[in-house]
There are 2 protein chains.
Amino acid sequence: MSSDRLLDDFNAGKPAALARVVSIIENHREGFEQILASLHSRTGRARRIGLTGPPGAGKSSITALLVKRFRDAGLTVGVIAVDPTSPFTGGALLGDRVRMENVALDPGVFIRSMATRGSLGGLAAATREVADVLDAFGFDRLVIETVGVGQSELDVARTADTTLLILVPESGDSIQTLKAGVMEVADIFVVNKADRPGADRLRNDVELMLGLRKGVSFGNTPAHHGVDLKRANPARVAREAAKAENPTEWTPPVLSAIAIKEEGIDEIIAALDRHFAYLEQSGTLRTRRRERMRERVMDVVEDKVRGRLWKNTGTMSWLELQLPAVEEGSATPFGVADQLLRQRGELVRGEEEK
Amino acid sequence: MSSDRLLDDFNAGKPAALARVVSIIENHREGFEQILASLHSRTGRARRIGLTGPPGAGKSSITALLVKRFRDAGLTVGVIAVDPTSPFTGGALLGDRVRMENVALDPGVFIRSMATRGSLGGLAAATREVADVLDAFGFDRLVIETVGVGQSELDVARTADTTLLILVPESGDSIQTLKAGVMEVADIFVVNKADRPGADRLRNDVELMLGLRKGVSFGNTPAHHGVDLKRANPARVAREAAKAENPTEWTPPVLSAIAIKEEGIDEIIAALDRHFAYLEQSGTLRTRRRERMRERVMDVVEDKVRGRLWKNTGTMSWLELQLPAVEEGSATPFGVADQLLRQRGELVRGEEEK
């Protein structure tokens, strides 16, 4: 099938063309750049929801329930399950195979499990590209599910408009070690398996940390001094009052859910809607999407640089010749890198492709 | 302290200088390249052991036990615990805080928990750099512990001479989904918590998968036809015989351990020694280390390119001007990336630094 024909079918909304385009993009097959470029102007409509959390937190169950609610509301949904090279996630949607099979025949749902991209290009970049394809195809909602362990996965979560962090009481012990990266990426916290012991403590701990974080960012002393400080700080009181009417500040809610009983899903849907309203009204959506676009361009640049340098046999054989000296210690990786860029840096301009 | 003085102290084996150098390297502070370059010729002596597995597999306990055995044998040990931005690992060595405190006062042991590096440089590269520092300082063994979920962590594991994959019966269900990447990276499999139900099945499953992998790579039919095939294939019989004397082929052993009872550690130590002997005799050590050196140079090149492009305010403000067109859809990330490299690709040659 010619590329034009494929794109015509894609634009006509044919599912087979969608699957084919996703494969081409995911594997960076011949012509993927042209396809992405031609779809580009049609992206930006879908709401992108990132869903992350530790293995066993029930991410897949919550994804499945969100898909169901979205479908009930007449919305189409694309699901991207990022399945790292790891054995330990067990394939993101396997646990909910039965549940997901119900929707597998529904043309309003598209589910894609992503393999990990090799060294020439990152997982976050690949996920973003597939998300762009689903967006251009016309899906109303995209759910991007990743296991929240590891830098690549955090990068994936950052590509969403709204990020949900799913925690379970079992992860309570490690709440003290919650890193700034994870806390700052999450817009909505969900304590799943909320009927288990320790759920209340976990919720309290998360709320405490959020309070501290907020305290720091506004330059306040800890929460128990809050009342006095409010009196002493009229600007803050005014800001609090304004917030109630005009949501231009976002305090991440800490919700409870019991996914296997389908409890707490309405609250998650409501929080997603509230967060999206906040994103639009505060201008944050624009900022986030611009940031995403900037990262997108930077990813493409780095990808091109890697491709032009490392797929060039001249560069690789030159590098090979330097390695013995590096091994013996008479040359260093830094010296060789500098030399390589001086001698072959011209490649990255890509002039010879013209 | 001047850089020369610091290096003198480092070379004299002063622990304070080691800690300081590691910090400089880990955070890529001013002068880190010069330091790494000056240490470079002294690397290559330490044996690097990677230890990976799912959260809760007992990696830290096994790390602690390995450290103890190495110390008993009079060997010095550096431990690098790669703690991703994630909350979920709970800090790699926290669970063994007490046990590790025993060794914390021992100057023959150095423990470093790595934070995650931001976008300008990857975790695997940072880990490799710190490992080089510890190697140059003179540690006999390096244990690099990572949580085996996610691409970055797998990349970290790949920087070792020998990689141990620690599994537990609880991870048995997901053995079917063991990805090629993880299986191929592991030199030694350890089933920890081997007294729990499911341990035998897990070991069998792993052995079966290893058998299949071996079957494929040597073009044999499955194992139950082995006897007949051996008769029909004298070359293979000869190879099997040769293997016993001259271990130039490696079949990853699947060991059992109960770390909390300190059971199975001798077998792990013995397997590590056997694997290192195999690495040396087969020439694989040389190949692996050359590969590591090649990746090292490529990492440095990519790091330099990123630094030169993205830390250049001219590039960033040029990029900023293009973003509105990308958002409107009248330009694409690919077009802008090409233009950026044509116009500013000269930067990557780094001539202006001279």
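**Inside the core**

Author: Let's start with Val190(B). Leaving out residues up to four places away in sequence, Val190(B) touches Ile62(B), Leu164(B), Ile166(B), Leu255(B), Ala257(B) and Ile268(B); two residues are in contact if their C-beta atoms, placed from the backbone, lie within 7 Å. This is a predicted model, where local features need pLDDT of at least 70, side-chain atom pairs count only at pLDDT 80 or more, and totals for chains, interfaces and linings use all residues. Residues are numbered from 1 along each chain as its sequence is written, while chains are lettered from A and ligands numbered from 1 in the order in which they are written.

Reader: Which residues touch the most other members of the largest nonpolar core?

Author: A nonpolar core is a set of buried Ala, Val, Leu, Ile, Met, Phe, Trp, Tyr and Cys residues joined through C-beta atoms within 7 Å. Buried means 20 or more other C-beta atoms within 10 Å of the residue's own, exposed means 12 or fewer, and partly exposed is in between, with C-beta atoms placed from the backbone. The largest core has 154 residues, and those touching the most other members are Phe189(A), Val190(A), Phe189(B) and Val190(B).

Reader: Why does Phe189(A) count as buried?

Author: Phe189(A) sits in strand 6 of chain A; helices (H or I, at least four residues) and strands (E, at least two) are DSSP runs, numbered from the N terminus. Beyond four places in sequence, its contacts include Leu165(A), Val206(A) and Pro252(A). Phe189(A) is buried because its count of other C-beta atoms within 10 Å is 24.

Reader: In strand 3 of chain A, what is the bridge partner of Val79(A)?

Author: Strand 2 (residues 77–82) and strand 3 of chain A run parallel and are joined by six bridges; pairing takes at least two DSSP bridges between two strands. The partner of Val79(A) is Ile111(A).

Reader: Within what arc do the buried residues of helix 3 of chain A fall?

Author: Helix 3 (residues 32–39) of chain A has Ile35(A), Leu36(A) and Leu39(A) buried. Looking down the axis, they line one face of the helix, because they fall within an arc of 95°. That arc is taken from the directions from the helix axis to the C-beta atoms.

Reader: Is Lys193(A) buried or exposed?

Author: Lys193(A) lies in the loop between strand 6 (188–191) and helix 9 (199–217) of chain A. Its phi is positive, about 55°, although it is not a glycine. Most residues other than glycine have a negative phi. With 22 C-beta neighbours inside 10 Å, Lys193(A) counts as buried.

Reader: Which element of chain A has the highest mean pLDDT?

Author: pLDDT is the predictor's confidence in each residue, from 0 to 100, and the chain A mean is 79. It stays under 50 over residues 215–233 of chain A, where the model has eight contacts beyond four places in sequence. Helix 10 (residues 226–232) of chain A has the lowest mean, 38, and the highest, 96, belongs to helix 12 (residues 265–282) of chain A.
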